[in-house]
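This report describes the pockets of one protein model for a reader new to the structure. The sequence and structure come first.

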Amino acid sequence: MTDSALVDASWLHRHLSDVVLLDATVDRRTDPDGTTVFVSGLALHTERRIPGAHFADLVTGFSDPFAPFPFTRPSGDRIAAHARELGIREDSTVVVYDRLSGAWAARVWWVLRSAAITNVRVLDGGLTAWEAAQLPVTEGREAPLPPGDIVVGPAREHFTDLARMRLIADGDDSTPAVCALRRTEYLGDPARARSGHIPRTTNLPYADLLAPDHTLDLERTAHLAQLHGLRQGAGTVLYCGGAINAAGLALALREIGIDDVVLYDGSLGEWRAHPELPLATGPEGSG
């Protein structure tokens, strides 16, 4: 295996029996009042999955379900407990996928890395790429693996907090910060309360890095990263609505050699919850 954090469908098909395969799918629903909610993707997983895949619960297993904001990074002990429950061992190679853009899988990859569980890869293109290759799918749940023995440990910084983002918004330009949301969401709407982006942050949408087949377009990623002045060594902060698309952007940047980014874990979910904190609309620098 190369140093890439990505594997393709062909590689995975050849190595299904050699890896711990995780489906990180999350189900996105809309309440009657129009509110978007995220719930466990277990029902989707059992409806259609790659053979051998186990369900990785990103809502409550690899997130802190008691935190005030969804998808908050859990404690190392919680990460270890869910990883062992999924059968992950010290010598395991883990492959994660989802059925959307790959951002959910990238979030699990990032959370595991933050606990020094590093032998983790993401299926490039996810279930879409698997099915496009006319590879088999199945339904139901896989028999559980024997409990794993993985141990978490210290890792370099992977997350940052509200205090650091306040400094950036107040004019501290020592750390670049990038929003991974789509352009329309980043720009916001002045007529809509609490829309827009954190002041003094730029925009590189994760969605813009995907090829039509949902795989990462690394040539385009490198081009856009260069246009945005992103580079290894800057310690760039990435954020979005809930640090999910930001994880996808982190994965893409890692593939082109920028591997020292950090995620603002609270992202706009936390920032918007503080009415005293400003939000900018329109292009950065427009006023």
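## Terms and basis

A pocket is an open set of points on a 1 Å grid over the protein atoms alone, where a 1.4 Å probe fits, with protein on both sides within 12 Å along at least five of seven lines; its lining residues have an atom within 4 Å of a point. The model is predicted: local features need pLDDT of at least 70 and side-chain atom pairs count only at pLDDT 80 or more, while totals for chains, interfaces and linings use all residues. Residues are numbered from 1 along each chain as its sequence is written, and side-chain values use heavy atoms, with hydrogens and water left out.

## The second largest pocket

His 45, Ala 53, His 54, Phe 55, Asp 57, His 82, Glu 85, Leu 86, Arg 141, Glu 142, Pro 144 and Leu 145 line the second largest pocket. Two or more of its lining residues come from each of strand E5 (53-55) and helix H3 (76-85) (DSSP runs numbered from the N terminus, helices being H or I of at least four residues and strands E of at least two). E5 gives the largest share, three residues.

## The largest pocket

The largest pocket holds about 1,100 Å³ of space (the volume filled by probe spheres set on the grid points, which are joined across faces, edges and corners). It has 33 lining residues, and those closest to its centre are Arg 28, Phe 38, Leu 181, Glu 185 and Asn 245.

Strand E4 (36-40), helix H4 (103-114) and helix H10 (267-272) each contribute at least two residues to this lining. The largest share is that of H10, with three residues.
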